[in-house]
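Work through the exercises below with the sequence and the model in view. Each task is followed by a solution in steps.

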Amino acid sequence: MIWNLFLAFIPYLISFFLFTSVTFQERRFLRIGTLLVWLLFLPNSFYLLTDFVHVNKFPDVPFWFDLVLVSSFSITGFALGLFSIRTIEKIIQLHYSKVQSKIMLFCILYLTAFGIYLGRFLRFNSWDLLTNPIELFASCVDCLFIPDVQNFTLGFGTFLLVLYFVTASFISKNNNV
């Protein structure tokens, strides 16, 4: 879980870097390339929620300890992911219309849900895009037509969407962000 939390920090750090770097914002291809790397790592932030499958896995560890540990990692990962998406949304809004920005946001959230599926159930990692691209691509194409994959992606993507909009709305009203 520590490794997963480390991976959850990567999209947050990338989004912060993009937001503060004038060079990356001015150079379109550099910005888009960095955004793709960010998107590749973004599912790691929300993947931590799926670690609840490990709760009560070891009989010598009290249930409450597992629950608190997994919850704290999940909440931290979610916060990093939500802040990261909010930052990227601001960057996207600088370069695209409001409608285009919302469409991109929807795509980001549902692609993130699909990425979580790939990680939890097919056991792919972000770096498999570089180390194992053919198997990753073939698996993506194969599983697109499986109802369980579609249901997971739609369900988790909608969960992320609702959570994001509730959080963004709350932050905007309280901080004028």
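**Exercise 1: Two helices crossing**

Helix α1 (residues 2-20) and helix α3 (residues 28-41) have axes that come within 8 Å and cross at roughly 160°. The model is predicted, so local features need pLDDT of at least 70 and side-chain atom pairs count only at pLDDT 80 or more, while totals for chains, interfaces and linings use all residues. Residues are numbered from 1 along each chain as its sequence is written, and side-chain values use heavy atoms, with hydrogens and water left out.

Task: state how α1 runs relative to α3, and which residues meet.

Solution. 

Step 1. The crossing angle makes α1 roughly antiparallel to α3. Angles under 35 degrees count as roughly parallel, over 145 as roughly antiparallel, 65 to 115 as roughly perpendicular and the rest as oblique. Axes are lines fitted to C-alpha atoms, for helices over the stretch in contact, and angles run from 0 to 180 degrees between N-to-C directions. Helices are DSSP runs (H or I, at least four residues), numbered from the N terminus.

Step 2. The crossing of α1 and α3 is left-handed, meaning that the near helix is turned anticlockwise from the far one by less than a right angle; clockwise would be right-handed.

Step 3. From α1, the residues Leu7, Ile10, Pro11, Ile14, Ser15 and Leu18 meet Arg31, Thr34, Leu35, Val37, Trp38 and Phe41 of α3. Contact means heavy atoms within 4.5 Å.

Step 4. The residues of this contact divide into 9 nonpolar, 2 polar and 1 charged. Ala, Val, Leu, Ile, Met, Phe, Trp, Tyr, Cys and Pro count as nonpolar, Asp, Glu, Lys and Arg as charged, and the others, Gly among them, as polar.

**Exercise 2: A second crossing**

Task: describe how α5 passes α6 and which residues meet there.

Solution. 

Step 1. The axes of α5 and α6 come within 10 Å, crossing at roughly 150°. The crossing is right-handed.

Step 2. On the α5 side, Ile85, Glu89, Ile92 and Gln93 meet Ser101, Lys102, Met104, Leu105, Ile108 and Leu109 of α6.

Step 3. Sorted by kind, the residues of the contact of α5 with α6 are 6 nonpolar, 2 polar and 2 charged.

**Exercise 3: Helix spans and buried residues**

Solution. 

Step 1. The buried residues of α6 include Leu105, Ile108, Leu109, Thr112 and Ala113. Buried means under 20% relative accessible area, exposed over 50%, and partly exposed in between (1.4 Å probe, protein chains only). The buried residues of α6 pack against α3, α4 (43-47), α5 (63-95), α8 (133-143) and α9 (147-175).

Step 2. Among the buried residues of α9 are Val149, Phe152, Phe156, Leu160 and Tyr164. The buried residues of α9 pack against α4, α5, α6 and α8.

**Exercise 4: Loop residues**

Task: are Asn56 and Arg123 buried, partly exposed or exposed?

Solution. 

Step 1. Asn56 is in the loop between α4 and α5. At 47% relative accessibility, Asn56 counts as partly exposed. Its phi is near 65°, a positive value in a residue other than glycine.

Step 2. Arg123 is in the loop between α6 and α7 (128-131). With a relative accessible area of 51%, Arg123 is exposed. Phi of Arg123 is near 65°, a positive value in a residue other than glycine.
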